[in-house]
Each structure stands twice: as structure tokens, then as C-alpha cells.
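Subject: Structure handover

Hello,

Here is the structure I said I would pass on. My notes follow below it.

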Amino acid sequence: MTSSTKTDVDGDSPFVPALIVVDMQEDFCPPNGSLAVQEGRSIASLVNSLLAIPGFVVRIATQDFHPPDHISFAKTHPGPNNRPFESFTEMKNPAPGRESETKPQQLWPEHCVAGTHGASIIPEIDTSKIDLYVKKGMNPRVEMYSAFGDAFGNIDPSVTAKSVDVDIKAALAEKNVTDVFIVGIAGDYCVKFTAIDAVKAGFKSWVIEEGTKCVVPGPGWEKTKEELRASGVSIVTADGPEVAKVKSRT
Ligand code: VGL
Ligand code: ZN
């Protein structure tokens, strides 16, 4: 029996886990990140301990990777309604024929501009273990928090080709992945939407709680957890039975 068809201890359902490390980038980390998430850098050692588990069949790192005029940047828009964190702009669905569909998009400080230091993965992460990188948010006209699809739920590569450089659903399917474990930043944005879209893509989706930090910590994370559970995502801990099951794979 190959490892990719190994079944779980209960006997029947296959368990083929992948790890997704979301946006562990300089701009999301103190002390100098332009959109620094409190304690963002502090989760690196936990992330590394997960990356070192041989039982994951694939370890994917995502990177927010924006053009300098990205729609989510406050400076892309004229004042006065361009305050980072507070203002919103109207965003149109980029799918052909769907341009009349719009969504409010929250504005952010400029961050993770493609090719800049801010977009690089922090050096504390052991990138020697990363099998695949996914760059996302590259289309200037649309937000993409999730590694699976844009803010309008477009996942078809014909629509998302300008936004993302890898079809993550196909990459996971190619390895017969059944379960995705998700860590990284930010818990209330890119981790959240990646975890929810993993469920929509047909995977069991597990967020490892100590492995994430939020833009709005505390009560913000409690609310996010409710939304995650309501969408079919489970919240687990690194020392719980789910991660132990990954460790027990040979
Ligand atoms: C993120 C805000 C804007 C994230 C990305 O990685 O969670 N948050 N862009
Ligand atoms: Zn972004």
C-alpha cells in the first residue's frame, strides 16, 4: 500500500493530509510590516514543527503578491474615502459577463507588492520544506484572500489566471489529498477564506488554532471561529488527535 492510499485507524476512510502555510510574509509581521498582524512572527516555530512532519503529502506556502495599484490599497483611491482599515471601495466581478456584480472591498495599507521585501516569506520559516508556492492577489482589479479563488468565488482558472499562478485545488487533487491543515496569517482574512474554500473544493478543512494570528485578535477571532465552524471548517490544536494522526502516518 502506498502512503497516498493509506487508510485511517478506523479502517475505511482515506486520510491524505496536506499543509497550507498562508502568507507568512514580512508585511504581515512585526516589527516593520506595513500591515503587521500582532505576534504574526511568533507562530514561525510552530509552523516549522508542522512543516517537519513527514506525514503531510504536500506542503504549500501561499503569498499575497499584489501589483502596485491593487484595488485593496488605500493609496490606489482618491480621498477622502480612502482610509486604510476603515474605507471600502466598490469592486466588480472580473468574470466575463459578470461585471455588474459588485462587492464592497475593504482598503488596506500598501502591502506585499510583488517582488518587494514585504512580499517575501519571513526568514524564520523553514522554506526548504515547502513543495509548492501559490502567489495570489495579482490581478489589480480584484481581491483574493483565499488561495482557491477570488473574492467573488471565481475558481475557474480561465477567470482566475490573472489573479493566481497555481490551481491549488488541482495540485491537491493530484496528490489525492483528502484533508487540508491550515496555518498562517491572517486568521480573520486569508486563513479564514482559504479554509472555507477548501471545504467548498471538497476537502476536509482543519485550522490549527495556535498556528494563526488575526488582524483583529480577541473577540474578532471568536467570531471568526463561529463563521469557520458554520462553513464546515474544524478548529483544532497542534497537540490534538488530528495532527497526531498526521504524525502517525509513515
Ligand atoms: C491579508 C489583508 C489583505 C491576509 C491579505 O493575508 O490575511 N489580509 N491582504
Ligand atoms: Zn492583500
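How much space lies in the largest cavity? About 110 Å³. Please keep in mind that this is a predicted model.

The cavity

A search of the whole structure finds one cavity of 30 Å³ or more. Its space is the space taken by ligand 1. The lining is made up of 14 residues, and those nearest the centre of the cavity are F28, L35, Y145, Y189 and C190. By class, the lining divides into nine nonpolar, two polar and three charged residues.

The ligand

What surrounds ligand 1? The shell consists of D23, F28, L35, D64, W108, H111, Y145, I185, A186, Y189 and C190. Eight residues of this shell are nonpolar, one is polar and two are charged.

An oxygen atom of ligand 1 lies 2.7 Å from an N or O atom in the side chain of D23. A nitrogen atom of the ligand is 3.0 Å from an N or O atom in the side chain of D64. On the backbone side, a polar atom of A186 is 3.0 Å from an oxygen atom of ligand 1. On its own, ligand 1 has 260 Å² of accessible area, and the protein covers 100% of that.

The backbone

A186 comes up again here, as the peptide bond from I185 to A186 is cis, with omega near 0°. A186 is placed in the loop between β6 (179-185) and α4 (190-200).

Where else is there a cis bond, with omega near 0°? The peptide bond from G79 to P80 is cis as well. P80 sits in the loop that runs between β2 (58-64) and β3 (88-92).

E39 has phi near 65°, which is positive although the residue is not glycine. This residue, E39, lies in the loop between β1 (17-22) and α1 (44-51).

Best wishes

Notes
Residues are numbered from 1 along each chain as its sequence is written. Chains are lettered from A and ligands numbered from 1 in the order in which they are written. This is a predicted model: local features need pLDDT of at least 70, side-chain atom pairs count only at pLDDT 80 or more; totals for chains, interfaces and linings use all residues. Side-chain values use heavy atoms; hydrogens and water are left out. A residue is near a molecule or strand if one of its heavy atoms lies within 4 Å of it. A polar contact is a pair of N or O atoms within 3.5 Å; within protein, one must be able to donate a hydrogen and the other to accept it, and residues adjacent in sequence count only if both atoms are side-chain atoms. Accessible areas come from the Shrake-Rupley method with a 1.4 Å probe; for residues, only the protein chains shown count as cover. On a 1 Å grid over the protein atoms alone, a cavity is a set of points where a 1.4 Å probe fits but cannot get out, and a pocket is an open set with protein on both sides within 12 Å along at least five of seven lines; lining residues have an atom within 4 Å of a point. A molecule sits in a cavity or pocket if more than half of its atoms lie within 2 Å of its grid points. Ala, Val, Leu, Ile, Met, Phe, Trp, Tyr, Cys and Pro count as nonpolar, Asp, Glu, Lys and Arg as charged, and the others, Gly among them, as polar. Grid points are joined across faces, edges and corners, and a volume is the space filled by probe spheres set on the points. Helices (H or I, at least four residues) and strands (E, at least two) are DSSP runs, numbered from the N terminus.
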